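We will go stop by stop.

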Amino acid sequence: MINYQVFAPEIWLVSTAILILVVELFQSPGSKRSLLNWIAFLGTLGSLLTVIGLSGWCPMGCVPGSVAPQAFNGFLKADGLALFLKMVILLATLITLLITFRYFKTHASPYPAEFLAILLFSASGASALTSAQEIITLYISLETLTISSYLLASFMKKDKGSNEAGMKYLLLGAFSSAILLFGFSYFYGLTGTTVISDMAKSLAMQPSSPLAVFALILVVGGLAFKISLAPFHMWTPDVYEGAPTPITAFLSVASKTAGFAAFIRLFWVGLNVPALQPVWVGLFAVLAAASIVLGNLEAIPQKNIKRMMGYSSIAQAGYISTGFLAIGPMGLTAILFYLFVYLFANMGAFLAITIVSHKTGSEQIEDYAGMWKRSPIIGVVLLVCLLSLAGVPPFAGFSGKWYLFGSAIAKGYTWLALVGMVFSVVSLYYYLQVVRQALISDPKDSSPIETSPLEKAVLILCVVVTVTLGFWPTPIMDLAQTAAASIF
Amino acid sequence: MLSVFATILAGFAASFGFFHSAAQGPNALPILTCFIAVPVLAALGIMAAPEKWIRWISLFAASVELGIGVKLFVIFQTAAGGFQFVEEVPWLKSFGINYILGVDGMSALMVFLVAAVYFAGTLISWNISLRVREYYVLFSLLVGGVAGAYESLDLFFFFLFYEFAVLPMYLLVGVWGSGRKEYAAMKLTLMLLAGSAFMLVGFIAMYFTSGVHTFDIRILGDLSKTGFNLEFQKIWFPLLFLGFGVISAVFPFHTWSPDGYGSAPTAASMLHAGVLKSLGGYSIIRVALPAMPDGAKYWLPLLVSLSLINMIYAAIVALKQKDFKYVIAYSSVSHCGAILFGICTLQAAGLNGAIIQTLSHGIVAAMTFALVGLVYGKAHTRELAKLGGLSAVMPVLGGLFVAAAMANVGLPGLSGFVGEFLIFVGAYKSGYHGGFPIFQTLFPIAIMTIVFTAIYYLRLVQMVFYGPLKDPHLKDEVKDGSYIEILPIAFLLAIALWVGLYPKPFVDMSNATIAPLIDRIGGFK
């Protein structure tokens with residue numbers, strides 16, 4: 001008896017994707033394609049509703065002691081952690097779809113249905129990854145996510161940048177997946193099981209072996225690529241710049257969130273054994289520091305805003321990794337809260353970027369001059385979202401960093417928190433360059449930039465969430481806390 | 001003119017009416033939250049209001065704010081001491097964060113200062129014409145942030161409000177500034193936030209090391225509850241001192257200050273020099289000293305040299321400036337050095353002196369920056385070489401500037417004197433450190449600052465206002481200050497005179513904070 005409820009969100013996504021492909025078959029070539037957009041939108045919304053339904057229509061797992069529903073002998077488990085991350089991923093997908101509406105107005109594609117369907121397949125992979133309890137399931141979900149992403153990144157067939165992005169992403173991504181799989185095979189050999197929690201039990205009984213450390217390094221390397229931690233970050237700026245903007249947005253939030261889900265399941269549950277834990281904690285401390293330093297420094301000279309956001313997302317992955325070192329409910333709460341905050345800040349910024357380049361046809365930072373005159377709301381969104389990424393009060397990124405670095409300091413990583421804070425100030429420099437153009441400089445061309453009511457609503461939502469959670473993080477913190485309690 | 005006074009009176013009446021029984025009664029409005037909410041609500045109102053109402057809303061809010069500031073000053077019970085009007089709301093239990101506001105003698109003085117400078121700054125901004133709505137929104141938000149920082153008794157909110165104030169400053173300097181405004185804005189923001197990076201890590205380190213797991217300043221300031229060992233104090237006191245010190249432009253992190261003030265629009269430099277900069281010294285006394293007294297005793301004899309460099313070096317640099325506003329900016333750095341010097345003495349007199357000097361510097365710097373702004377607006381240049389003899393065309397502003405200069409120099413009868421006098425008494429009384437009377441040795445050097453200050457201010461008065469009128473065109477073009485320009489400056493001058501002539505209520509209030517603090521931590525023996 002299979003408990004379909006556990007993967008209802010994925011069923012929604014996949015069947016919506018198939019529905020889109022079918023509907024497109026019956027559409028005459030000249031007909032309006034916005035129907036497809038709306039189907040995708042509603043399907044994702046339905047998926048989000050099932051996530052809320054799974055949590056019993058109340059904040060994640062609010063019935064204490066209740067057992068999380070599971071399927072396939074516990075290979076998939078919809079616990080609080082999975083549900084919270086699914087929520088983040090699906091919200092990101094929703095905003096990505098909205099960005100897609102706008103993007104296709106500029107970049108007419110002959111294959112909108114395929115684009116939407118692949119996007120939803122990708123989201124279903126990310127969503128399934130959050131509830132995977134077993135390394136093969138985890139790997140398959142991860143590949144569903146990334147292989148779809150390769151296609152999406154290179155979707156603009158006539159565009160050189162998009163082709164380059166897709167090719168680079170495919171080659172490096174396939175390589176890293178192979179390394180990851182290689183690492184997994186060693187762990188299977190060492191423990192004789194693919195279930196993560198059983199792996200932990202088996203590893204705990206074994207003495208420390210160089211083979212296990214070797215496998216560990218392979219897994220860290222393979223996964224670090226997916227969330228673009230330095231020094232596995234080289235692909236990020238090129239792919240972010242070349243990929244269609246909605247995909248850049250999707251990669252920066254949904255893909256990263258799924259990556260952290262894999263990290264937490266694998267390392268905090270599976271490899272959290274005395275023999276291995278110091279090794280990977282040390283590795284991650286170095287990777288986090290390197291990402292924070294390199295990401296922020298390399299973002300400074302960027303002229304293209306998507307490229308800058310690429311480097312910024314490397315630094316953001318570094319910040320989140322500081323919370324990853326603080327193994328425990330507090331660290332997980334901080335990570336979940338920050339991912340939620342990061343979702344709205346990044347998505348708001350990318351929506352604004354898409355709207356602006358639809359009008360100006362440019363992605364250069366200097367072409368953001370005079371937004372205060374051309375579209376005050378975009379000016380405000382850029383101010384709020386980018387400064388939230390920089391961690392400036394009173395925006396949510398500030399309280400997010402307070403908890404992330406707080407949980408790191410609690411575990412004795414004061415130096416890492418100091419690196420994070422100092423480089424947050426460095427990051428302020430390049431974020432402020434955009435703000436300076438948008439709010440201080442005078443426009444070169446002062447024609448207004450229009451936003452549709454739906455876009456306006458989402459932009460305002462991003463601003464409101466980001467400002468409110470800065471002052472009053474309590475509701476989402478409570479939610480994140482109950483979600484985090486589910487794996488401890 | 002009538003409508004301006006009517007608005008001010010209406011603002012006063014409103015605040016006195018609302019807070020008539022604020023000190024008592026369970027259902028009274030939370031006066032401290034209101035003090036933060038008034039400018040924030042004003043900002044929201046200005047966003048929505050029609051263009052012609054903007055100035056009036058801002059003036060009304062500033063008057064209400066001044067009314068609250070005065071009211072707090074009056075109803076604060078100096079004899080009782082301690083934190084009063086405390087408001088406490090649990091915020092995030094899992095991380096020990098509570099929304100706690102409260103004022104003691106020291107912060108009641110600062111709240112009064114914030115209200116006074118906000119009021120004066122609003123009037124000075126009356127003639128702003130570029131992007132008026134955004135200007136007043138940011139200006140009001142800046143005040144809201146500073147007000148919150150002075151009232152917060154929880155480190156999370158302290159930090160939040162403080163940085164909240166820095167952000168509008170960036171845009172105020174960047175958009176409405178002059179000269180190399182974008183460079184100055186960026187420098188100011190980055191340097192201030194770099195300082196606060198150390199603050200934040202220090203706060204969280206205190207949270208976890210203390211074991212009490214709270215950000216409540218009252219508890220963290222009690223060593224018997226936190227038990228920070230000497231090792232911890234030795235590491236974190238100097239880092240916090242420098243982190244806070246950046247706000248007060250401590251050497252060598254002072255360079256944002258002249259550039260920032262040189263470029264900022266008048267009201268922004270008034271608020272920043274007057275109230276935001278004072279936050280540095282204030283938070284050393286509020287957070288760092290009580291929490292880590294042993295670290296303070298270990299490091300302060302060394303850190304005092306930084307404040308001494310601030311005083312002397314900035315004063316000498318001020319002598320050589322060619323730009324009117326830069327002289328004032330360096331003068332402000334020099335005065336902040338005196339504040340830090342007073343704190344370093346760890347004597348009741350020295351710390352009281354530092355607080356009175358903070359208040360005085362706030363009032364006087366605001367007044368001086370206002371005057372510079374007016375002169376710049378009328379003469380269209382700030383280059384000292386091109387200015388001269390302006391008293392002939394603007395006698396009232398000239399007279400007011402002489403008064404402001406004297407207050408800066410520390411002429412008895414004006415506020416500057418009281419603070420500096422107490423600071424030097426504190427330095428003289430401060431004890432030995434490692435068998436060496438370090439403060440007694442240094443304070444003659446510190447006193448030299450007064451001489452330098454006198455020289456550069458007299459030079460300034462002479463170069464700008466006296467002598468023959470250098471630019472004859474000004475004779476027909478320029479009018480003396482209008483009532484709306486003179487009113488805020490006269491208002492600030494009145495406070496400076498009050499503090500100078502009858503400092504007792506002010507010193508008593510600051511002593512209500514300092515005496516118990518010194519009792520608890522002890523000075524240098």
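In which helix of chain A is A:L45 found? Select residues 34–54 of chain A: this is helix α2, and A:L45 is in it. Helices are DSSP runs of H or I with at least four residues, strands are runs of E with at least two, and both are numbered from the N terminus.

A note before moving on. This is a predicted model, where local features need pLDDT of at least 70, side-chain atom pairs count only at pLDDT 80 or more, and totals for chains, interfaces and linings use all residues. Residues are numbered from 1 along each chain as its sequence is written, while chains are lettered from A and ligands numbered from 1 in the order in which they are written.

Next, select residues 160–191 of chain A, helix α6. Its 32 residues should span 46 Å at 1.5 Å a residue, and the end C-alpha atoms are 46 Å apart, so the two agree. The expected span is 1.5 Å times one less than the number of residues. Colour its buried residues, among them A:Y169, A:L180, A:F184 and A:F187. The buried residues of α6(A) pack against α5, α7, α8 and α9 of chain A.

Go to chain B. Look for 22 helices and two strands. Buried residues make up 62% of its 525 residues. Its C-alpha atoms fill a box of roughly 70 × 55 × 40 Å along the principal axes.

Show both chains. Here 26 residues of chain B are in contact (C-beta atoms, placed from the backbone, within 7 Å) with 28 residues of chain A. Which element of chain B gives the largest share of this side? It is α7(B), with twelve residues.

Last stop: B:V114. Leaving aside neighbours within four places in sequence, B:V114 is in contact with B:G69, B:V143, B:V146, B:A147, B:Y150 and B:V275.

How values were computed:
Contact = placed C-beta atoms within 7 Å. Buried ≥ 20, exposed ≤ 12 C-beta atoms within 10 Å, placed from the backbone.
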